[in-house]
Amino acid sequence: MADKTSFKTIAKNKKAYHDYFVEESLETGIELFGTEVKSLRLGRVNLKDSWCSITHGELFINNMHISPYEQGNIFNKDPMRVRRLLAHKREIMRLFGYVKQNGYSLIPLSIYFKNSKVKVQVGVCKGKKLYDKRQDLVARTAKRDIERAIKEKYR
């Protein structure tokens, strides 16, 4: 029987790919309330300046903004509250080892629905220097120019 898993991307953290080298990524669950899930279904989330931390052996996501659900009235939670990420203890300890190394940090890369569950992709990232960002920009424009030339040739 074929495995039918459906993915629906809610939000991607494009700034993370611009500011960091992504060394490794991990799929985790997230602990949410009902009105937060309804707000996610509407795509009302911002991952831009969010980051992850490990406290007392648990993984948390900080500074992620989920807008309050409009029909949620008293059940809405604080949009900027710290939310717990769900991962195995062994995975959290491995990530903790990376974070203790110089220059590594945990950054949420994307948030998506996998079947009916909300998942967060967390990346172990190392910060880019300014010249690295410039090299990426030059490579991207060169690739775009090559694709345009090929497209014009076969028109």
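Analyst: Quick definition before we start: a cavity is a set of grid points where a 1.4 Å probe fits but cannot get out. Keep in mind that this is a predicted model.

User: OK, how many cavities of 30 Å³ or more does a search of the whole structure find?

Analyst: The search covers the whole structure and keeps cavities of 30 Å³ or more. The largest cavity comes in at about 50 Å³. The count is 1.

User: Which helix gives the largest share of the lining of the largest cavity?

Analyst: Look at who lines that cavity: Thr35, Glu36 and Ser39 are among them, along with others including Ile66 and Lys77. By class, the lining has 3 nonpolar, 4 polar and 2 charged residues. The largest share is 3 residues, and the helix they come from, spanning residues 34–41, is H2.

User: Now the strands. How many residues of strand S5 are buried?

Analyst: Buried means under 20% relative accessible area. Strand S5 covers residues 58–62 and is mostly covered. Out of its 5 residues, the buried ones number 4.

User: Which residue of S7 is the bridge partner of Phe60?

Analyst: S5 pairs with S4 (residues 51–55) in the antiparallel sense over 5 bridges, and there Phe60 stands opposite Ser53. S5 also runs antiparallel to S7 (residues 83–86), joined by 3 bridges. In S7, the partner of Phe60 is Arg84.

User: And what residue in the turn between S4 and S5 has a positive phi?

Analyst: S4 and S5 make a hairpin, with 2 residues between them.

Notes
Residues numbered from 1 in each chain as written. Predicted model: local features only at pLDDT ≥ 70, side-chain atom pairs only at ≥ 80, totals over all residues. Heavy atoms only, no water. Buried < 20%, exposed > 50% of the residue type's maximum accessible area, 1.4 Å probe, protein only. Pairing = 2+ DSSP bridges. 1 Å grid on protein atoms, 1.4 Å probe; cavity = no way out; pocket = protein on both sides within 12 Å on 5 of 7 lines; lining within 4 Å. Points joined across faces, edges and corners; volume = space filled by probe spheres on them. Nonpolar A, V, L, I, M, F, W, Y, C, P; charged D, E, K, R; others polar.
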